[in-house]
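Look at the chain below.

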Amino acid sequence: MTNPNGESGLTRPHDFDHRHGDVSGGWLRAATFGAMDGLVSNTALIAGVGAAADAHTVVLSGFAGLAAGAFSMALGEYTSVKTANEQIESEVHLERRAFRTHPQAEKDELADMLMQMGVSGHTAAVATEEIHRDENRAINFHLVQEIGIDPSEKPSPLVAAVSSFITFAIGAVTPLIPYFLGFESLWMGLLFGGLGLMIAGGVASRFTRKPLWFASMRQLFFGMVAIAATYVVGLLVGSVVT
């Protein structure tokens with residue numbers, strides 16, 4: 001096969017001008033969620049604590065929030081993705097049982113689905129026979145058409161857990177950076193948290209192809225709402241306690 005540059009190779013048709021991202025691996029959603037959660041929750045945490053406490057308490061609270069949040073995120077992501085995969089596997093088992101107990105009904109079902117997509121009756125019948133020669137391939141095809149999920153492209157629970165752990169930790173440590181540099185200022189911590197939110201949104205836009213400014217400002221807006229609310233709660237609780 002020859003590509004548009006006259007070079008030979010095994011590149012599939014139409015791969016030369018665009019490639020799709022990995023939308024089923026599970027890492028991007030987990031990483032984005034982890035970074036956003038780390039930035040928002042820890043910046044909000046130090047805002048709430050810093051409204052009524054000293055710098056030492058803010059840093060201690062920030063590190064506690066980082067550790068607790070990172071492990072919680074990782075375990076939550078692993079469990080949720082693993083559970084979702086197990087549900088998909090149960091659907092595969094259900095479909096496989098139907099294949100073996102009612103094979104002709106499954107073929108008729110697939111042919112009907114193909115005809116609803118605009119394929120002629122004859123072509124649908126031929127395609128159905130060819131697809132059903134491989135049971136695993138046929139099951140995957142049926143499930144894609146019936147529930148919109150391809151069992152061969154399940155996300156990895158481990159990848160999701162590691163991604164969320166790392167990005168949560170990075171996000172959570174961001175508002176603490178000024179304290180490490182000797183600036184015992186809550187407002188500097190909030191500034192770093194806001195910049196982190198904008199950077200996280202900008203990085204995500206590289207994968208989602210959203211405008212950089214839109215993704216950055218969206219992250220900043222959502223984060224600032226949560227941070228401002230937590231700061232107000234900290235002020236109110238601090239005034240009551242003292």
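## A nonpolar patch on the surface

Tyr78, Leu158, Val162, Ile166 and Ile170 make up a nonpolar surface patch, and their accessible area together is about 470 Å². A patch takes residues with over 30% relative accessible area and no salt bridge; nonpolar side chains (Val, Leu, Ile, Met, Phe, Trp, Tyr) are joined within 5 Å, like charges within 9 Å. A salt bridge is a side-chain nitrogen of Lys or Arg within 4 Å of a carboxyl oxygen of Asp or Glu. Areas come from the Shrake-Rupley method with a 1.4 Å probe, and for residues only the protein chains shown count as cover.

This is a predicted model: local features need pLDDT of at least 70, and side-chain atom pairs count only at pLDDT 80 or more, while totals for chains, interfaces and linings use all residues. Residues are numbered from 1 along each chain as its sequence is written, and side-chain values use heavy atoms, with hydrogens and water left out.

Helix H6 (residues 157-173) gives the patch its largest share, four residues. Tyr78 sits in helix H2 (residues 55-101). Its relative accessible area is 37%, so Tyr78 is partly exposed. The classes are: buried under 20% relative accessible area, exposed over 50%, partly exposed in between (1.4 Å probe, protein chains only).

## The whole chain

The chain has nine helices and zero strands. Both are DSSP runs, numbered from the N terminus: helices are H or I with at least four residues, strands are E with at least two. Of the 242 residues, 36% are buried. The accessible surface is about 14500 Å², and carbon and sulfur atoms account for 64% of that.

Contact means heavy atoms within 4.5 Å. Take the contacts between residues at least 6 apart in sequence: 68% of them join residues at least 24 apart.

## Two cores

A nonpolar core is a set of buried Ala, Val, Leu, Ile, Met, Phe, Trp, Tyr and Cys residues joined through side-chain atoms within 4.5 Å. The largest one has 16 residues, and Ile46, Tyr179, Leu186, Leu190, Leu197 and Ile227 have the most contacts inside it. Two or more residues come from each of helix H1 (27-50), H2, helix H8 (186-208) and helix H9 (212-241). H1 gives the largest share, six residues.

What does Leu186 contact, leaving aside neighbours within four places in sequence? Leu186 is in contact with Ile46, Ala47, Gly50, Ala51, Tyr179 and Tyr231.

Another core lies apart from the largest one; it has 11 residues, including Phe99, Ala124, Ala138 and Ile139.

## Aromatic pairs

Rings of Phe, Tyr and Trp (its six-membered ring) pair if their centres lie within 6.5 Å; planes under 30 degrees apart count as stacked, over 60 as edge-to-face and the rest as tilted. By this rule there are five aromatic pairs. Here are two of them.

| Pair | Centre to centre | Angle between planes | Class |
|---|---|---|---|
| Trp213 and Phe214 | 6.0 Å | 85 degrees | edge-to-face |
| Phe221 and Phe222 | 5.8 Å | 55 degrees | tilted |

Trp213 is exposed, at 61% relative accessible area. Phe214 is partly exposed, at 32%. Phe221 counts as exposed at 52%, and Phe222 as partly exposed at 47%.

## A loop residue

Asp150 lies in the loop between helix H5 (135-147) and H6. Is Asp150 exposed, partly exposed or buried? It counts as partly exposed because its relative accessibility is 24%. Not counting residues up to four places away in sequence, Asp150 touches Asn140 and Val144. Asp150 and Ile139 are 11 residues apart in sequence, and 9.2 Å separates them from C-alpha to C-alpha.
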